[in-house]
Amino acid sequence: MSTERINLMGVPLDILHEEDIDSVVTSLLQKEGVQQVVFLDLWSFLKARRHNDFRTLVLNASLVLPVSKSLISAAKFLKLAVPVRRRPFDVIINFLTVLESHFMSVYLLGGRKETLAIAERNVRSTFPSLKVVGRFTGYYPKTLERDIVTAIAKAEPKLTLVSSGIKGGAQWINKNREHFYSGIFVYDKDIFDIFAKTKRAVSEKTFNKGYEYLEKVFKNPFRLLNVFRFLRFKFLVLFYRLLKKNN
């Protein structure tokens, strides 16, 4: 697989270049078992440093892609190989494009009924050679979970997109991985809303400048309290740099 994995303060990050996406997707599809792709922002990175289920998920993931500019800066500061930041929306579109070129399949899980229906319709029209082999809404009662897992396992999609309304989000994938024989699994909370055009993807300009978090702050000013977690992260990076220098 054409990726390089680095260890950033105990958390794995993968370097995925644009020109390697096709070969990486193909390589993942040739493997048995769940091939989970994780998008890691700064807050989920800090969560992955602790000994918990989320850390296990990240360590089990086939691809861990950084989306936070702070993670890239930390890798540079610690003189590691520098990962490439990727918008989750772009990665998912790239994956769907590769699958369509090989006439492969996708399963859509999550979202509200109307949103999911519109998202499916837009996926079918945008990727006409891609087979949508099933869909199920999120926010379902727990009694239906076994049937949903069974349906996905029987459909054997090459890619399963998981979005809002799935309890645990990315951790739902890791929790149920033993039930699936193979395939790529990706969680993104907003992807079906974006496909249904009820929500905008972060613009490329905003993302490249690293300002995507500011949009969330404008919607919820209490997110400013995360400045203390950010300062803690900066302290950790400095500590690791000093530790590395002393060694």
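Accessible areas come from the Shrake-Rupley method with a 1.4 Å probe, and for residues only the protein chains shown count as cover. By this method the chain exposes about 13200 Å², of which carbon and sulfur atoms supply 54%. The structure is a predicted model, in which local features need pLDDT of at least 70 and side-chain atom pairs count only at pLDDT 80 or more, while totals for chains, interfaces and linings use all residues. Residues are numbered from 1 along each chain as its sequence is written, and side-chain values use heavy atoms, with hydrogens and water left out.

The C-alpha trace of the chain spans about 55 × 40 × 35 Å along its principal axes. The radius of gyration, taken over C-alpha atoms, is compared with a globule rule of 2.2 Å times the number of residues to the power 0.38. The chain has a value of 18 Å, which agrees with the figure near 18 Å for a compact globule, because a chain of 247 residues would have that radius. Of these 247 residues, 47% count as buried (under 20% relative accessible area, with a 1.4 Å probe and protein chains only). Among contacts (heavy atoms within 4.5 Å) with a separation of 6 or more, 78% are between residues 24 or more positions apart.

The chain holds twelve helices and eight strands. Helices (H or I, at least four residues) and strands (E, at least two) are DSSP runs, numbered from the N terminus. Two strands pair if DSSP finds at least two bridges between them.

Strand S1 (residues 4–8) pairs with strand S2 (residues 11–15) in the antiparallel sense, over five bridges. In this pair, Asn7 stands opposite Pro12 in S2. S1 and S2 form a hairpin with two residues between them, and Met9 in the turn has a positive phi of about 55°.

Strand S3 (residues 35–40) has parallel partners. Four bridges join S3 to strand S4 (residues 63–66) in the parallel sense, and Phe39 stands opposite Leu65 in S4. Strand S8 (residues 184–187) also runs parallel to S3, and three bridges join the two. The bridge partner of Val37 in S8 is Val186.

S3 is mostly covered, as six of its six residues are buried. In a regular strand the side chains alternate between the two faces of the sheet. On one side of S3 lie Gln35, Val37 and Phe39, and on the other Gln36, Val38 and Leu40; all are buried, and both faces are covered.

Technical notes:
Buried means under 20% relative accessible area, exposed over 50%, partly exposed in between (1.4 Å probe, protein chains only).
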